[in-house]
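Below is a report on one protein chain. Have the sequence and the coordinates open while reading.

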Amino acid sequence: GSSSVVRPLREVAEAPLYVEGYESSGSYADAVVEHAFDDRTWTEWRAQCYSCEKEESWLGVRFSVPVKIYCARIWQRGRGEYRASKVALQQFEALTSRW
């Protein structure tokens with residue numbers, strides 16, 4: 001499940017950005033999607049697949065207002081096929097259902 005709690009993500013240009021919730025393609029056991037965004041390096045999100053195919057696993061954040069993302073930090077552990085060799089940042093516009 002995703003979180004329904006609205007909370008400040010961080011201050012950017014003195015305007016707080018608000019997160020409505022988190023989404024993912026799925027998760028493994030207790031490694032839920034909220035762990036990917038909790039600012040803790042000792043928690044983790046694990047995808048539903050063991051060695052995922054291209055675009056099989058993903059994470060998402062829902063904001064209450066339109067935002068511009070200038071930087072995203074990804075922490076990975078593990079080796080070889082257990083790490084993403086490439087990542088993509090995409091935007092989905094809910095009103096038009098367009099990526």
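## Around G26

G26 touches W45, R46, A47 and Q48, with residues up to four places away in sequence not counted. Contact here means heavy atoms within 4.5 Å. The model is predicted: local features need pLDDT of at least 70, side-chain atom pairs count only at pLDDT 80 or more, and totals for chains, interfaces and linings use all residues. Residues are numbered from 1 along each chain as its sequence is written, and side-chain values use heavy atoms, with hydrogens and water left out.

Where does G26 lie? G26 sits in the loop between β2 (15–24) and β3 (59–63). Strands (E, at least two residues) and helices (H or I, at least four) are DSSP runs, numbered from the N terminus. G26 has 18% relative accessibility, so it counts as buried. The cut-offs for relative accessible area are under 20% for buried, over 50% for exposed, and in between for partly exposed (1.4 Å probe, protein chains only). The C-alpha atoms of G26 and L59 are 8.8 Å apart, and 33 residues separate the two along the chain.

## Overall layout

The protein has three strands and zero helices. Its elements run β-β-β from the N terminus on. Of its 99 residues, 13% are buried. Take the contacts between residues at least 6 apart in sequence: 36% of them join residues at least 24 apart.

The protein exposes about 8700 Å². Carbon and sulfur atoms supply 50% of that area. Accessible areas come from the Shrake-Rupley method with a 1.4 Å probe; for residues, only the protein chains shown count as cover.

## Nonpolar core

Which residues make up the largest nonpolar core? There are six: V19, Y22, V33, W45, A47 and C49. Such a core is a set of buried Ala, Val, Leu, Ile, Met, Phe, Trp, Tyr and Cys residues joined through side-chain atoms within 4.5 Å.

A47 is one of these six. Its contacts, leaving aside neighbours within four places in sequence, are G26, S27, Y28, C52 and S57. Y22 also belongs to the core. Y22 has a relative accessible area of 4%, so it is buried.

## Aromatic pair

The structure holds one aromatic pair. Y22 and F37 form it, and the pair is stacked: 4.6 Å centre to centre, with 10 degrees between the planes. Y22 lies in strand β2 and F37 in the loop between β2 and β3, so the pair ties together parts that are 15 residues apart in sequence. Rings of Phe, Tyr and Trp (its six-membered ring) pair if their centres lie within 6.5 Å; planes under 30 degrees apart count as stacked, over 60 as edge-to-face and the rest as tilted.

Y22 is buried, whereas F37 is partly exposed, with a relative accessible area of 22%.

## Disulfide

One disulfide is present in the structure. C49 and C52 form it, with their sulfur atoms 1.8 Å apart. The cut-off is a pair of cysteine sulfur atoms within 2.5 Å. The link of C49 and C52 is right-handed, with 100 degrees about the S-S bond.

How accessible is C49, buried or exposed? C49 counts as buried because its relative accessibility is 13%. C52 is partly exposed at 29%. C71 is exposed at 68%.

## T43 and its partners

T43 lies in the loop between β2 and β3. Its side chain makes a polar contact of 2.7 Å with the side chain of D38. The T43 side chain also reaches the backbone oxygen of R40 at 3.4 Å. A polar contact is a pair of N or O atoms within 3.5 Å; within protein, one must be able to donate a hydrogen and the other to accept it, and residues adjacent in sequence count only if both atoms are side-chain atoms.

Leaving aside neighbours within four places in sequence, T43 is in contact with H35 and D38.

## Positive phi values

Most residues other than glycine have a negative phi. A29 is not a glycine, yet its phi is positive, at about 55 degrees. D39 also has a positive phi, near 65 degrees, and is a residue other than glycine.

A29 lies in the loop between β2 and β3, and D39 lies in the loop between β2 and β3. A29 counts as exposed at 58% relative accessibility. D39 counts as exposed at 73%.
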